[in-house]
Amino acid sequence: MAVAFKLLASARPLRECQRHKVLHSLLGPLVTNHISKMYSSYRRPGISPDDTPVWKKIDFSTEKAVNGVKKHFKLLKSEIAEHVTSYDGQPLHVHLWEETRVVWKFHSQKDLDKWIASSDTEIGGKSEAYLKLGKNNQSALFYGTLNTEVPRDGETKYSGYCGFKAKPRLGVFNRKKYYDWTNFNSLHLRVRGDGRPWMINIFTDPYFSHQKDDMYHYFMFTRGGPYWEEITIPFSKFFLCSQGRVQDRQFPLWLDKINTIGFTLGDQAHGPFQLEIDFIGLLMDRAHTEEFAYEQYERNTKF
């Protein structure tokens with residue numbers, strides 16, 4: 001009997017999760033922003049929690065609902081056509097044989113609007129970060145000033161970071177849309193930096209809510225100076241972290257569930273910085289045969 005009660009208790013969160021997904025699929029854009037905030041556990045020190053019910057924050061607008069339905073049915077039509085005639089946005093014959101692909105380029109303000117810049121001002125820091133188009137509108141320029149002064153709130157211990165990342169793709173009815181990079185084994189970039197080390201962050205889709213902070217990292221070391229450089233990083237080099245901590249148990253990067261990519265500067269060097277990016281692409285390097293760079297050890301072995 002005790003086992004039965006335990007099984008029922010474990011099944012209850014699953015039913016709650018299923019009801020949550022059904023609510024999200026029905027209300028769509030009306031509750032998307034509020035549902036995403038439910039998973040955010042961070043709150044600035046000294047700020048009281050917002051206990052307003054979610055249903056009071058929803059804007060019940062008939063015009064907005066009608067326009068949203070029209071928009072998503074148009075997206076549904078285009079997605080069906082794309083699914084029949086292509087794969088991951090590429091013609092089928094190109095997808096089967098391609099060895100390089102440019103995923104992000106920066107030739108217009110529309111390309112730049114797909115990215116978000118952030119800094120430690122979110123936690124009370126004083127760093128400044130800006131993102132704009134480079135000269136001749138042929139690149140993206142991320143620049144600003146890194147400030148390592150810790151906020152005087154009595155709780156924050158570290159500060160001094162800036163970063164930017166691509167917005168996740170959304171499909172019809174605000175469904176998550178992932179990148180499939182299984183045909184490639186390396187990340188390829190053309191950048192012009194200032195000599196600082198940057199961290200590249202790749203976000204994959206988590207199966208469970210407690211994995212929402214999991215991401216893969218690797219470092220990019222820029223030369224500095226006026227010349228462009230091309231950097232190739234194998235996906236096998238990326239390591240798994242959660243909330244900034246390297247995990248003891250490592251797994252290879254899930255290339256079929258790529259959500260988005262980002263760049264972070266946090267070298268604790270106070271002063272100005274800049275990073276200019278021409279493009280971010282993928283490469284299939286036939287000479288690279290390594291599957292995963294980090295050894296795995298069996299833990300809690302039984303003797």
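A: Let us begin with Phe273, which is found in strand β17; helices (H or I, at least four residues) and strands (E, at least two) are DSSP runs, numbered from the N terminus. This is a predicted model, in which local features need pLDDT of at least 70 and side-chain atom pairs count only at pLDDT 80 or more, while totals for chains, interfaces and linings use all residues. Residues are numbered from 1 along each chain as its sequence is written, and side-chain values use heavy atoms, with hydrogens and water left out.

Q: Is Phe273 buried or exposed?

A: Phe273 is buried, with a relative accessible area of 4%, where buried means under 20% relative accessible area, exposed over 50%, and partly exposed in between (1.4 Å probe, protein chains only).

Q: And what does Phe273 touch?

A: Leaving aside residues up to four places away in sequence, Phe273 touches a list of residues that includes Glu128, Tyr143, Cys162, Asp194, Arg196 and Leu265, a contact being heavy atoms within 4.5 Å. Gly193 is 80 residues from Phe273 in sequence, and their C-alpha atoms are 8.4 Å apart in space.

Q: You mentioned Arg196 and Asp194; what joins their side chains?

A: They meet in a salt bridge at 3.8 Å, N to O, the term standing for a side-chain nitrogen of Lys or Arg within 4 Å of a carboxyl oxygen of Asp or Glu. Arg196 is buried at 9% relative accessible area, whereas Asp194 is partly exposed at 29%. Asp267 belongs with these two in a network of salt bridges.

Q: How many salt bridges are there in the whole structure?

A: A search of the whole structure finds eight. One of them is between the side chains of Arg190 and Asp278, at 2.8 Å from N to O. Arg190 lies in strand β10 (residues 186-192) and Asp278 in strand β17 (residues 271-283), so this pair ties together parts that are 88 residues apart in sequence. Arg190 is partly exposed at 25% relative accessible area, while Asp278 counts as buried at 16%.

Q: What about Glu276 and Arg192?

A: Their side chains also meet in a salt bridge, at 2.9 Å from N to O. Glu276 is in strand β17 and Arg192 in strand β10, so distant parts of the chain, 84 residues apart, are linked by this pair. Glu276 is buried, with a relative accessible area of 8%, and Arg192 is partly exposed, with 23%.

Q: Which residue is the bridge partner of Cys162 in β16?

A: That partner is Leu265. Strand β7 (residues 162-166) and strand β16 (residues 258-265) run antiparallel and are joined by four bridges; two strands pair if DSSP finds at least two bridges between them.

Q: Which sheet do they belong to, and what is its order?

A: They sit in an open sheet of seven strands with antiparallel pairing, in the order β4-β7-β16-β11-β12-β14-β15. Its edge strands are β4 (115-119) and β15 (245-246), each of which pairs on one side only.

Q: Lastly, what does the chain look like as a whole?

A: The chain has six helices and 17 strands, and of its 303 residues 33% count as buried. Among contacts between residues at least 6 apart in sequence, 73% join residues at least 24 apart. The accessible surface of the chain comes to about 20000 Å², of which 55% belongs to carbon and sulfur atoms, with areas taken from the Shrake-Rupley method with a 1.4 Å probe, and for residues only the protein chains shown count as cover.
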